[in-house]
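Student: I've got the model open and want to check the labels against their cut-offs. Can we go through a few?

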Amino acid sequence: WFLANETDQALIELELLLPQRPAGLVAIGECGLDGAIEVPMSLQITMLEKQLALASEYQLPVILHSRKAHNELLRIVKQFTLPRGGVWHAFSGSRQQAEQFIELGFMLGIGGVITYERAEKTRKAVAKLPIDSLLLETDGPTMPLAGHQGERNEPAYLPEVLQELALLRHTSVMELSQQIAINAEKMFRISVSS
């Protein structure tokens, strides 16, 4: 979204920061492809490829943005060895699309989209996907949950996303929250209290 205002300097700064491994550095991203914005796709691809190369070199997961560019994003990601995989941020796709990324070592960031009944494709997908491939996210301040349209999205709404996911999966909130914590610890190599 911001590539039109960025220069190679941002990438240089990232390359200088990565070897230092500052506290809190757990992934590279959010980066990816967006087919619904005016930034030229060629520029998006160039920057994405550079960030994927850094994720590979520094063995960090990558947080992927994908909107109206699934097939192209998948093609590009397959060209890189990403030992830590990553997260498909704000997943709103189909089960088949999700499985393609899960095979590459990715988890899915599940957010407020599943609280909308009209998001039938995504709701069906998250109900059936492997539980060890799911994470929770809010994407604050945008992407509000059903019932919160027009409001600022906040991490405080995560329990609502968790509740909806538990309903869709016919499981308990406690069991699901424990597994989500395990997933986050595995992906980001951090300690999570559930």
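Student: Why are H1 and H2 called roughly parallel to each other?

Tutor: In this predicted model, the axes of helix H1 (residues 8–17) and helix H2 (residues 41–57) cross at roughly 5 degrees. Angles under 35 degrees count as roughly parallel, so H1 and H2 get that label. The two axes come within 11 Å.

Student: Which residues of H1 and H2 meet?

Tutor: Asp-8, Leu-11, Leu-14 and Glu-15 of H1 meet Met-47, Lys-50, Gln-51 and Leu-54 of H2, where contact means heavy atoms within 4.5 Å.

Student: Why does Ile-131 count as partly exposed?

Tutor: Buried means under 20% relative accessible area and exposed over 50%, with partly exposed in between (1.4 Å probe, protein chains only). Ile-131 has 24% relative accessibility, so partly exposed is the class. Ile-131 sits in the loop between helix H5 (120–128) and strand E5 (134–136). Leaving aside neighbours within four places in sequence, Ile-131 contacts Arg-169, Leu-176, Gln-179 and Asn-183.

Student: What should I know about the bookkeeping?

Tutor: Residues are numbered from 1 along each chain as its sequence is written, and side-chain values use heavy atoms, without hydrogens or water. Local features need pLDDT of at least 70, side-chain atom pairs count only at pLDDT 80 or more, and totals for chains, interfaces and linings use all residues.

Definitions and conventions. Helices (H or I, at least four residues) and strands (E, at least two) are DSSP runs, numbered from the N terminus. Axes are lines fitted to C-alpha atoms, for helices over the stretch in contact, and angles run from 0 to 180 degrees between N-to-C directions. Angles under 35 degrees count as roughly parallel, over 145 as roughly antiparallel, 65 to 115 as roughly perpendicular and the rest as oblique.
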